[in-house]
Amino acid sequence: MGSLGNSANSKAVHEAGEDDYDHHKHLSPTHQQLDAGALFVLKSKGSWLHCGYHLTTSIVAPPLLSLPFAFTFLGWAAGIISLVVGALVTFYSYNLLSLVLEHHAQLGRRHLRFRDMANDILGPRWGRYYVGPIQFMVCYGAVIACTLLGGQCMKAIYLLSQPNGSMKLYEFVIIFGLLMLVLAQIPSFHSLRHINLISLFLCLAYSACAAAASIYIGNSSKGPKKDYGLKGDNESRIFGIFNAIAIIATTYGNGIIPEIQATIAPPVKGKMFKGLCVCYTVLIITFFTVAITGYWAFGNHSEGLLLSNFVDDGNPLVPKWFILMTNLFTILQLSAVGVVYLQPTNEVLERTFADPKSKELSARNVIPRVVSRSLSVVIATTVAAMLPFFGDINAVIGAFGFMPLDFILPVVFFNLTFKPSKRSLVFWLNVSIAVVFSALAIIAAIAAVRQIVLDAKTYRLFANV
């Protein structure tokens, strides 16, 4: 009888504990763990349209101007197939990631960060030692790359007006860094929505300019003789193909889907899909137009950045004002892209230095925010100025970072969360994507490292390239 009473008591305690757990489970993340990064940087206030702006800025960025260069290693057929496959696989995997996030939100565990997802689905070690560091490396690498590219575009404008000018590349990188320093102080991801709407129009603008200039030069006698043959010996061609795949993967890369979804006001269901539709409409217009017109006009003479093809030995092949305008659109969008990719860094800094119990704009939080964010931009600008060959390094980051985060992990997360039947098409499609892109990531990383070794003899710190 005593044991019966004890078991009844323990059952009551257990049920009460379960009720308490359920109540705790359905609290929003803000109440569950009051960390300042989630509270201040990843505010959940946005609509699906704002989400579309953030997605477009993070994916449709100036690296798309290197797509014709990727085509020089692939040729017409393989180039267009790679672009189509990249679009289909990333749209599919970003939607899978969104469904997994929605599923956990409905269970009362809304994940606001990529590493939170990894902690919950793969275990804490994966989040702390793999997904967290890789995402930080990819996003901070993107900030450095944007700063370097911004400096290069500024230098291109300067050389148009002062062909014999004495200013060096690192000086322009520092000027661009100062612009980033100001924009980095915008408090939250959600507060970038208006900047990212302007950014959406800017990427359409410079893509239209780049395509128009390519068609104009391609139809005139000014451009190079069209040659679509693949250059180099067999070894160079094979590594070139994987290098091109890394370039295309990086162009489609995002790496911050959970952080973007975190900006959406609850309920989240279905909003990310609409945002992705906005983004991919812009993406298809820009990526395919620039890749096809650029490669058609310049063939295997396409430069790493298409805008470089518009000037031949210091002589502009299109009116100067047109090159200036295209570079200006590119510089302005680069600043928006750089700030978007600063958000995961900002979130880590905010979580470390801010006090969630104080107000967001209190002196206690504003002073550490300004100091820590300024320092992160100064470091990124210094690295960009010192290493003007960062493009080669970025190919490695693309292979090690963007491939796992955007092509491999989403399908793994989906299979582990929803456990589709092993006889279903979805299960095997996801397994195939994970296997194929894991192999591509390893080979692309080897190809990118090889490129660094080949180019190493030309590397100089603070070089004026």
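Colleague: Which residues form one aromatic cluster?
Modeller: Phe71, Trp76, Tyr228 and Tyr295 do. This is a predicted model: local features need pLDDT of at least 70, side-chain atom pairs count only at pLDDT 80 or more, and totals for chains, interfaces and linings use all residues. Residues are numbered from 1 along each chain as its sequence is written, and side-chain values use heavy atoms, leaving out hydrogens and water.

Colleague: How many aromatic pairs does a search of the whole structure find?
Modeller: The search finds 19. Tyr252 and Phe287 form one of them, and the pair is tilted.

Colleague: What makes the pair of Tyr252 and Phe287 tilted?
Modeller: Ring centres of Phe, Tyr or Trp (its six-membered ring) must lie within 6.5 Å; planes under 30 degrees apart are stacked, over 60 edge-to-face, the rest tilted. Here the centres are 5.0 Å apart, with 55° between the planes. Tilted it is.

Colleague: Where do Tyr252 and Phe287 lie?
Modeller: Tyr252 is in helix α10 and Phe287 in helix α12 (residues 271–298). Helices are DSSP runs of H or I, at least four residues, and strands are E runs of at least two, numbered from the N terminus. The pair links distant parts of the chain, 35 residues apart. Both Tyr252 and Phe287 are buried.

Colleague: How do you know that Phe414 and Phe418 form a tilted pair?
Modeller: Their centres are 4.8 Å apart, and the planes make 40°. Both residues sit in helix α15, four residues apart, about one turn of the helix.

Colleague: Why is Phe414 called buried, and why is Phe418 called partly exposed?
Modeller: Buried means under 20% relative accessible area, exposed over 50%, partly exposed in between (1.4 Å probe, protein chains only). Phe414 has 12%, so it is buried. Phe418 has 33%, so it is partly exposed.

Colleague: Why does Thr345 count as buried?
Modeller: Its relative accessibility is 4%, so Thr345 counts as buried. Thr345 lies in helix α13 (residues 320–353). Leaving aside residues up to four places away in sequence, Thr345 touches Phe136, Tyr140 and Ser376 (contact: heavy atoms within 4.5 Å).

Colleague: What makes helix α6 (residues 114–121) mostly covered?
Modeller: Six of its eight residues are buried. Among them are Phe114, Met117 and Ile121. The cover includes α5, α7, α11, α13 and α15. After α6 comes Gly123, with a positive phi near 115°.

Colleague: Why are α5 and α10 called oblique to each other?
Modeller: Their axes (lines fitted to C-alpha atoms over the stretch in contact, angles from 0 to 180 degrees between N-to-C directions) cross at roughly 40°. Under 35 degrees counts as roughly parallel, over 145 as roughly antiparallel, 65 to 115 as roughly perpendicular, the rest as oblique. The two helices are therefore oblique. The axes come within 9 Å. Residues that meet include Phe73 and Leu83 in α5, and Ile241 and Ile248 in α10.

Colleague: What makes Asp313 exposed?
Modeller: Its relative accessible area is 74%, so Asp313 is exposed. Asp313 lies in the loop between β1 (311–312) and β2 (315–316). Its phi is positive, about 50°, although Asp313 is not a glycine.

Colleague: Why does Lys419 count as exposed?
Modeller: At 63% relative accessibility, Lys419 counts as exposed. Lys419 sits in the loop between α15 and α16 (425–455). Its phi is positive too, near 45°.
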